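Here is a report on one predicted model.

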Amino acid sequence: MSRTALRICPLCEATCGLTLTVEGTRVTGARGDRDDVFSKGFICPKGASFGAVDGDPDRLRTPLVRRDGELREATWAEAFDAVAAGIRAVVEGHGANSVGVVLGNPNVHTMAGALYPPVLLAGLGTRSVFTASTVDQMPKHVSSGLLYGDANAIPVPDLDHTDHLLLLGANPLESNGSLCTAPDFPGKLKALKARGGTLTVIDPRRTRTAKLADRHIAIRPGTDALLLAAMAYVLFEEGLVDTGELAPHLQGLDELREAVRDFTPEAVAEACDVDASETRLLARELAAAPTAAVYGRIGSCTVPHGTLASWLVDVLNILTGNLDRPGGALFPQAATDRTPRPAGPSHGFALGRWHSRVSQHPEAKGELPLSALAEEIDTTTAEGEPIRALVAVAANPVLSAPDGDRLDKALGSLDFMVSVDPYLNETSRHAHVVLPPPPPSQSPHHDFAFNTLAVRNQVRYTRPAVPLEPGRMAETEILARLVLAVTGMHGADPSAVDDLVIGQTLGKAVKEAHSPVHGRDPRELATLLKGDTGPERRLDMMLRLGPYGDGFGVRPDGLSLTKLLAHPHGIDLGPLTSRLPQPLKTRSGKVELLPRPIADDLPRLREALRHRADGFVLVGRRHLRSNNSWMHNVPALTGGTNRCTLHIHPEDAEGLRLVDGQRVGIKGAGGAVIAPVEITDTVRRGVVSLPHGWGHDRPGTRTRHAAQDPGVNVNQLLDGTLLDPLSGNAVLNGVPVELIASP
């Protein structure tokens, strides 16, 4: 007999509500939850394929432990015994920094990935921390940290109310949105146009999103910051700057005017391949719109000036008075955010508090560049110990980081490696222990990260749709036990991790004058927490201490886990609203328009005015049915347009005598790959495009469907030396490549 169960989709950033059909313990169908307060029934192909993803027969069901050089099935007890012995031996022999931690993108899609990695890092005390952020979004975190004092204070476009939306390096019709959580992003863009608004897309490819736009600017890849700086110049030059109600919260407006004076539309025209008149029109339209928002994403982050481009996105919103106002770009307020502190000067944001051992890359947001992971393992220097052990949680850097071949070899040289992963993939195949989490239907879900980026304030929580299978271990318990194993507490009850966090959080909250529990007994508060598990009790605590919470009885109508469970389709908390100056944590208590690290990097941008790449440059692309390297083992999500092909313009193909389907060599600084050609006028001349996340052809993996059509690893074309210096983010777009036609 079948039944239905609710589940928030964990397969992309849109976080749509699903109604699952369950037969026994198997998910046999998925449709959009029409009563979901946020997604209102919207679903994409990934969500519709939830059952296929959940039931993939290649998912590991038991731990694997390496014995005599081979990974073999083991008990959970044996696996954690091996982890405790392997990691502690390295820590005790070589120090905490000799243990590296790599956190992959799927961590932000699970409760476990949000709750336990911070405890793991604190317990290990290592500075050798790498995440997917430095091949994706770190420039936005750094620019937000420098502007607002908080690297996680990221304003999002008010899609439902704006009159003018300018998208830069973003393709939400394929990605479903990124650093902007918005179910049915395509519908929101169509609604914008239906109410008479304007959509402008700046992208070297004529993407599905660009085809919907009123205006598409096919910019030369990698020159985003130059174009944005020129738009800022026009706003100053033509007297179009109007900061409105933002004015009292700004510092450095005159200095900003001086900083962009060299970036005239005429000066950037050749480098960007955008006519000066077009740049001026973009700036004028932005200033003239009743409300407007500029939104940049991965295409503007993964370039040589990614932090400057991310900074300038916000600068344009500020100069037109559109930051922190409805219809512009607003700061979301998640239900699990910390209790809002009073506005005023704070600690600010610092870069480069330590550096990587080999290339001396500065840390950003506590992380080192993922591009540097291989050299931190395989290179010996006088500056401390190399990484000898690695903890990889939901990470596949052999495919996601530059120069996977080098990293592949480096991982094979480690003294010890543990991987938390449902698959034996290109990275986890090197592990000494693999700890497989259960499928998503067997896990609870709340979006801690994505609700801080949501275009409407709301809160939702779903318990597991299917009971945990015998022999499985909950992902939250896996990570709690991992924390205990690597921090010298192996064998303790995993609830000790949750109890520790609860005690520390409540102990701090009762000492804060602005907290609703100021002066109360933290032990008494802990007894009031509800929930069937440690993670649920932690969620209850965060909800009750948060901006909408009941304050442990102070506000009877406020949020708590009990109230949330009574609303299975979620609770709508209203549209985004103006919040400044409360989110600001800068030392001045204001938006610091020209922070010193930004000012110091502008000469490098001026230098870019004099350079124009010859030959072909490479850009990536998104597929609606993919999320990085996750889903290529699911037949329903591969094939059709979701293929690893090289897009090339017809005139460029003709010049090289290439025909559709012909295999062509692509050579970059890090190596070469061979991929089939797909001739299309959706990419501008001089630009070629390969999707990321492919290259499933290494031995020792267990992803049978992906191996049948493995594609190629685009990141193998990179040698890892090209980075945005402020954020450490890898440069993945606008990279010079050479094409070599196969005979």
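## Helix α12 and its cover

The cover over the buried residues of α12 includes α10, α13 and α24. Those buried residues are P265, V268, A269, A271 and C272. Directly after the helix comes D273, with a positive phi of about 60 degrees.

## The nonpolar cores

The largest nonpolar core holds 61 residues, and within it Y148 and W311 touch the most other members. Elements that give two or more residues are α6, β9, α10 (224-237), α11 (253-259), α12 (265-272), α13 (276-288), α15 (306-319) and α24 (596-608). The biggest giver is α10, with twelve residues.

What does W311 contact once neighbours within four places in sequence are left aside? The partners are S143, L147, L256, L593, L594, P595, I598 and L602. Another core lies apart from the largest one. This other core has 49 residues, including V90, V99, M473 and L561.

## The seven-stranded sheet

Seven strands form an open sheet, ordered β5-β4-β17-β16-β15-β6-β7. The pairing is mixed. β5 (70-73) and β7 (129-131) each have a single partner strand, so one side of each edge strand is left without a neighbour in the sheet. On average, neighbouring strands are turned by 15 degrees against each other, direction ignored. β16 (residues 416-420) and β17 (residues 433-435) pair in the parallel sense, over three bridges. In that pairing, S419 stands opposite V434 of β17.

Two helices contact this region. α19 (residues 475-486) packs on the sheet and touches β15, β16 and β17. The direction of α19 makes about 155 degrees with that of β16. α5 (residues 117-124) lies across β6 (99-103), β7 and β15 (389-393). Against β6, helix α5 runs at about 165 degrees.

## The three-stranded sheet

An open sheet of three strands has the order β1-β2-β3, with antiparallel pairing. β1 (2-8) and β3 (26-32) are the edge strands; each has a single partner, so one side of each is left without a neighbour in the sheet. Neighbouring strands here are turned by 30 degrees against each other on average, direction ignored. Six bridges connect β2 (residues 17-23) with β3. L18 stands opposite G32 in β3.

## Strands β9 and β13

β9 (residues 164-168) and β13 run parallel, paired over four bridges. L165 stands opposite A293 in β13.

Which way do the residues of β13 (residues 293-296) point? A293 and Y295 point one way, V294 and G296 the other. All of them are buried. In a regular strand, side chains alternate between the two faces of the sheet.

## Rings and charges

There are three aromatic pairs. In one of them, the ring centres of Y148 and F331 are 5.2 Å apart and the planes stand at 90 degrees, so the pair is edge-to-face. This pair links distant parts of the chain, 183 residues apart. Y148 belongs to helix α6 (residues 138-148). F331 sits in the loop between β14 (329-330) and α16 (373-378).

Are these two residues buried or exposed? Y148 is buried, at a relative accessible area of 0%. F331 is also buried, at 3% relative accessibility.

Two arginines sit over rings. The charged end of R538 lies over the ring of Y116, 5.0 Å from its centre. R544 lies over the face of F552, at 4.5 Å from the ring centre.

How values were computed
Residues are numbered from 1 along each chain as its sequence is written. This is a predicted model: local features need pLDDT of at least 70, side-chain atom pairs count only at pLDDT 80 or more; totals for chains, interfaces and linings use all residues. Side-chain values use heavy atoms; hydrogens and water are left out. Two strands pair if DSSP finds at least two bridges between them. Axes are lines fitted to C-alpha atoms, for helices over the stretch in contact, and angles run from 0 to 180 degrees between N-to-C directions. Buried means under 20% relative accessible area, exposed over 50%, partly exposed in between (1.4 Å probe, protein chains only). Rings of Phe, Tyr and Trp (its six-membered ring) pair if their centres lie within 6.5 Å; planes under 30 degrees apart count as stacked, over 60 as edge-to-face and the rest as tilted. A charge sits over a ring if NZ of Lys or CZ of Arg is within 6 Å of the ring centre and within 35 degrees of the ring normal. A nonpolar core is a set of buried Ala, Val, Leu, Ile, Met, Phe, Trp, Tyr and Cys residues joined through side-chain atoms within 4.5 Å. Contact means heavy atoms within 4.5 Å.
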